[in-house]
Amino acid sequence: MPPYQPRLNDGLIPISHGARAGKPARLWHSRAAMTETSDKQSFLQQAEDLLGPRGFTRDPELMAPWLTDWRQRYSGAALAMASPADTQEVAGLVALCAEHGVAIVPQGGNSGMSGGATPDGSGEAMLLSLRRMDRIRELDAEAGQAVCEAGVILQTLHEETARQRMRFPLTLGGKGSATIGGLVSTNAGGTQVLRHGTMRAQVLGLEAVLADGSVLDALTALKKDNRGFDLKQLLIGSEGTLGIVTAARLRLLPEIGGRAVMWAGLATIGDARKLLLLAQRLASDELEGFEVMPAHCLASVLDHLPDARSPLAGEHGWHALIELVAEEGQADALNEMAERVLVAGMEAGLVEDATIAANETQAEDFWLLRDSVAPAERAIGPAMQHDISVPVEDMAGFVAKTVPEVERRFEGCRAVAFGHLGDGNIHFHVLAPRGAERGAWEDGEGKAISAFVHDRVTAWRGSISAEHGIGQMKRDELGRLGDPVALHTMRAVKQALDPRGILNPGKLVPLAPDAPSA
């Protein structure tokens, strides 16, 4: 394949491939799947020639682990699995798929929560794995930036930045499998959003392959740039429906000089909200995380982790995990500040009991309890898991009112809410009655539960997806509850950038009311 060169002025790079060498890919205005066996075989052969044996497979055993999402809610089939080694191969493959009308389902670590990286059951889509593209192309500590390919694992980036005495200010429980491309495509959040923002705030530049095989090269980071639309922001959170992220320029921060991690027991989530406000007032610049969980969640984690211990003696209705951080040279006063926050909370009648981690090992143990809530609740049995947000000032009231509403309406179910109170994002799980059959319950009563929860979220001026994306799980709910003008605009953008509809079809963008079902 000949090397590719940038086209002047517009940031797009034409990519040639196979029989169409030297010709930029075209856009189509209709989507037609391959119907002739000869066309399919020709396409598959060209894809194999393009990617080589390491980058292309049709082996059912090799593909099987990647055709079901990690929550085992969605399973599909694929025509083949492509694992390109670089952006040029991604672009060549996309152009080839566009030529033959083959749908593409991009996938990173396959750790998404909404089925956004799982193909449908037709077996006609190309599963595009970006895991081989795992290079950190650049890490500039002085500039505070790193350029990572889509397949870089979040934990790997944390480790590499730590070697340069820097850090990437986004983390989450799945950091050992989540990839940079997936985090960008879903605009991931995590436990540090309170201070640093979502993935959208961390992306300084972006490289992505568009639906015709051209490459948007917007990796350069500029403090000021008024040349029209910020296209990288359009692609962030688009879940692979507008383009395939191949690399991102990310902002880095200096490593922290120290941290103080606190665990507090409280009676109600309303008390937790008041404690958050108090902590923000006393330690605004140092407050990095504020997570909450009810007693049921902590008990589930302690059952799930045999070596885990509760940080506090006694029973408490709610628990708060609070983290303060400081840069090097400013860390000496952190424990004193943490004590001041907790003492003020006790004097205000908010905190029933509390402790401060004595060392890094204990701090990590505290965070392990928080990060293990989702798998611990999942181990109990079927559950409907909702990733929702409402205005921060309303979250405590929403939880206090909605939990009993759900439990009254759906007999035998238990509702639990936990997560990022500081940024208004709570994971609202509804556990099935004892003895419910996994799969059947979710497809039956579970759907009614989710509709009810989403209706309540909408009534509270919230969002049915705070950080996990829409995927296929919530696409129809977005169509039911979303603002009509916003939905129309989303469809128009999708049509403009992917007129043939080959990029991750059936995900994120709801069908128009008069559109035929796929």
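In strand β11, R251 is the bridge partner of Q145. That's a handy way into this predicted model, so let's start with the strands around it.

**Around β11**

How much of β11 is buried? Seven of the eight residues in β11 (residues 244–251) are, which leaves the strand mostly covered.

**The four-stranded sheet**

Elsewhere there's an open sheet with mixed pairing, and its four strands come in the order β2-β3-β5-β4. The edges belong to β2 (56–57) and β4 (104–107); each has a single partner strand, so one side of each goes without a neighbour in the sheet. For β2, two bridges make the antiparallel link to strand β3 (residues 80–82), and T57 has M81 of β3 as its bridge partner. Helix α3 (residues 87–100) packs on this sheet, where it touches β3, β4 and β5 (126–129). The direction of α3 makes about 165° with that of β5.

**Nonpolar cores**

The largest nonpolar core has 52 residues, and the members that touch the most others are L275, F398, V399 and F428. Apart from it lies another core, of 29 residues, including F56, V90, I104 and L128. As a general pattern, nonpolar side chains in soluble globular proteins tend to be buried together.

Which residues does V399 contact once neighbours within four places in sequence are left aside? They are I269, W318, P404, A417 and I426.

T402 is worth a look too: it sits in helix α14 (residues 395–409). With 0% relative accessibility, T402 counts as buried. Not counting residues up to four places away in sequence, T402 touches F428 and R456, and F428 is one of the core members picked out above.

**A helix crossing**

Helix α10 (residues 295–304) and helix α13 (residues 373–380) have axes that come within 8 Å and cross at roughly 80°. The two helices are therefore roughly perpendicular to each other. On the α10 side, the contact is made by H296, C297, S300, V301 and H304. The α13 side brings V373, P375, A376, E377, A379 and I380. Sorted by class, that contact has seven nonpolar, three polar and one charged residues.

Most residues other than glycine have a negative phi.

| Residue | Phi | Loop | Relative accessibility |
|---|---|---|---|
| N187 | about 50° | between α5 (180–185) and α6 (193–196) | 16% |
| R461 | about 65° | between α16 (445–459) and α17 (475–481) | 58% |

Buried or exposed: what is N187? At 16% relative accessibility, N187 counts as buried, because the cut-off for buried is under 20%. R461, on the other hand, counts as exposed at 58%, since exposed means over 50%.

Methods. Residues are numbered from 1 along each chain as its sequence is written. This is a predicted model: local features need pLDDT of at least 70, side-chain atom pairs count only at pLDDT 80 or more; totals for chains, interfaces and linings use all residues. Side-chain values use heavy atoms; hydrogens and water are left out. A nonpolar core is a set of buried Ala, Val, Leu, Ile, Met, Phe, Trp, Tyr and Cys residues joined through side-chain atoms within 4.5 Å. Buried means under 20% relative accessible area, exposed over 50%, partly exposed in between (1.4 Å probe, protein chains only). Contact means heavy atoms within 4.5 Å. Two strands pair if DSSP finds at least two bridges between them. Axes are lines fitted to C-alpha atoms, for helices over the stretch in contact, and angles run from 0 to 180 degrees between N-to-C directions. Angles under 35 degrees count as roughly parallel, over 145 as roughly antiparallel, 65 to 115 as roughly perpendicular and the rest as oblique. Ala, Val, Leu, Ile, Met, Phe, Trp, Tyr, Cys and Pro count as nonpolar, Asp, Glu, Lys and Arg as charged, and the others, Gly among them, as polar.
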